Structure formats: C-alpha cells, structure tokens
Amino acid sequence: ECSDRRPTKKDIEEVLPSFIGEIEQVPPKYSAIKVNGRRAYSLARSGLNVDLEARKISIFSFKLLETIDDNRSRFSVISGKGAYMRGLARDLAYSLGTLGYLSDLRRNSVGPFSESNAISLEKIEKLGHSAAASPILLPIETALDGIPALDLTVNEAIKLRNGQAIPVLRHDDRAQIEGVGDGGVVLAIESKTPVALVRVDGIQIRPVRVLNL
C-alpha cells in the first residue's frame with residue numbers, strides 16, 4: 001500500500017498531543033506477542049491473519065525533532081512499558097490520513113540504564129572474561145530498583161534459596177505486596193542483600209529466580 005498524501009510539519013505537530021497519556025494501541029502483526037501459544041510474527045510470516053487486541057499503553061512525551069524531507073521525520077518518544085514504536089508510527093500516519101512506518105529506532109534509555117553508561121559490543125568482545133571487565137559492570141541491584149522489595153528473616157531467606165515457598169503473614173509485609181496482587185513479582189531481600197525474585201501466590205511467595213549473591 002502507498003499514499004500520495006504528505007503531511008506538513010504543522011499537520012504533524014497538531015495531532016501529536018492526541019497521543020499523549022494513556023492510550024490504546026494494537027500491537028504490530030510482526031510482534032512477539034503469543035496468540036494461541038504461537039508468536040504473532042510466526043503466524044504473520046506463515047501468511048495467517050493475526051487479529052491482536054488493543055492494549056493500554058502510556059506515552060509521556062511525543063515530540064517532532066525535525067522533518068528530514070517530504071517522506072521522513074524524526075521523533076523523540078518517552079513511553080511506559082509495552083509500547084511499540086512501530087505501532088506508534090503506524091497510528092500517527094493513519095491519524096494524518098496517510099501511511100507510514102518506522103525506518104530506524106534508537107533506544108536512548110531503559111529504566112535506570114542510558115547511553116551514558118552503555119558499552120559497545122566491540123569493547124565487550126575485547127575484554128572477554130578478563131578481570132578488567134569488573135569495573136564497568138553495574139551491580140545487579142541497578143536492574144532491580146523498580147521492583148517492590150520485601151524484607152526477609154534469615155530462616156526465610158534460607159528457605160527461598162532452597163527453592164521453597166514461604167508464607168507471608170506479617171501485616172506490614174502483606175500491605176507491602178498488596179499492590180502487586182496475586183501473580184505479581186517482588187524482590188525478596190535479607191539484610192539488604194537480594195535473595196530472589198518471588199511471585200505472590202495467595203498468602204505465600206514462591207521463588208521465580210534465586211539470586212546467588
């Protein structure tokens with residue numbers, strides 16, 4: 001499919017505010033979402049029609065940086081999890097009465113990680129398993145900052161490290177994990193040391209991934 005319509009810079013800037021906030025987005029057909037146990041992209045590549053349901057996503061910022069030429073523009077987006085930039089490009093073009101696609105994507109940051117503390121693949125290959133790699137590695141806690149934490153006793157930590165579920169009976173602990181609900185993931189810690197990623201299951205938590213630190 002193609003379209004002869006080429007929106008102006010003004011046209012684009014006028015519709016961008018409608019994409020800010022909590023919006024609904026249908027994921028692209030060529031995505032990793034599972035449909036009846038199979039990835040959507042696998043079904044699409046097999047020539048099967050993939051009907052994906054719209055999901056709520058959050059877009060905090062959507063700015064037009066420049067119009068490169070009549071066919072190309074560059075944008076900056078800050079979004080919540082689950083947002084597909086390919087879907088955003090598709091929907092933006094549709095709202096402008098034309099067709100569009102994502103030709104290039106550069107991710108500047110994810111959670112606590114940004115380009116400022118990134119290292120290249122070439123540098124990783126050069127360092128290999130040498131001790132010189134240690135100073136450039138961030139502590140594992142950096143990746144766990146956004147996960148609700150639950151303090152454990154020594155005995156509870158031992159049980160989790162052995163793969164056992166433990167009951168959550170203390171009132172303060174129940175209040176802490178109430179927000180994540182059954183099936184939610186919590187970081188279990190003991191004396192400030194991460195022990196395991198655990199899943200809330202009724203009145204107990206089960207280890208999902210034990211962290212041998």
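Student: Which residues does Phe62 touch, not counting residues up to four places away in sequence?

Tutor: This is a predicted model, and contact here means heavy atoms within 4.5 Å. Once residues up to four places away in sequence are left out, the residues that Phe62 touches are Leu16, Phe19, Ile20, Phe75, Ser76, Val77, Leu88 and Leu92.

Student: Which element gives the most to the largest nonpolar core?

Tutor: The largest nonpolar core has 14 residues, and those with the most contacts inside it include Phe62, Ile59 and Leu88. Helix H1 (9-15), strand S4 (55-69) and helix H3 (85-95) each supply at least two residues of this core. The element that gives the most, with 4 residues, is S4.

Student: How many residues are in the other core that lies apart from it?

Tutor: Among the residues of this other core are Leu152, Ala157, Val195 and Ala196.

Student: Which strands stand at the edges of the open sheet of 5 strands?

Tutor: The sheet has mixed pairing, and its strands follow the order S8-S10-S11-S12-S9. A strand with a single partner strand has one side left without a neighbour in the sheet, so the strands at the edges are S8 (149-151) and S9 (166-167).

Student: What is the bridge partner of Ile166 in S12?

Tutor: Strand S9 pairs with strand S12 (residues 204-210) in the antiparallel sense, over 2 bridges. Within S12, the bridge partner of Ile166 is Ile205.

Student: At about what angle does helix H5 run to S11?

Tutor: Helix H5 (residues 154-161) lies across S8, S9, S10, S11 and S12. Relative to S11 (193-201), the helix runs at about 75°.

Key:
Residues numbered from 1 in each chain as written. Predicted model: local features only at pLDDT ≥ 70, side-chain atom pairs only at ≥ 80, totals over all residues. Heavy atoms only, no water. Pairing = 2+ DSSP bridges. Axes fitted to C-alpha atoms, helices over the stretch in contact; angles between N-to-C directions. Core = buried A, V, L, I, M, F, W, Y, C linked by side-chain atoms within 4.5 Å. Buried < 20%, exposed > 50% of the residue type's maximum accessible area, 1.4 Å probe, protein only.
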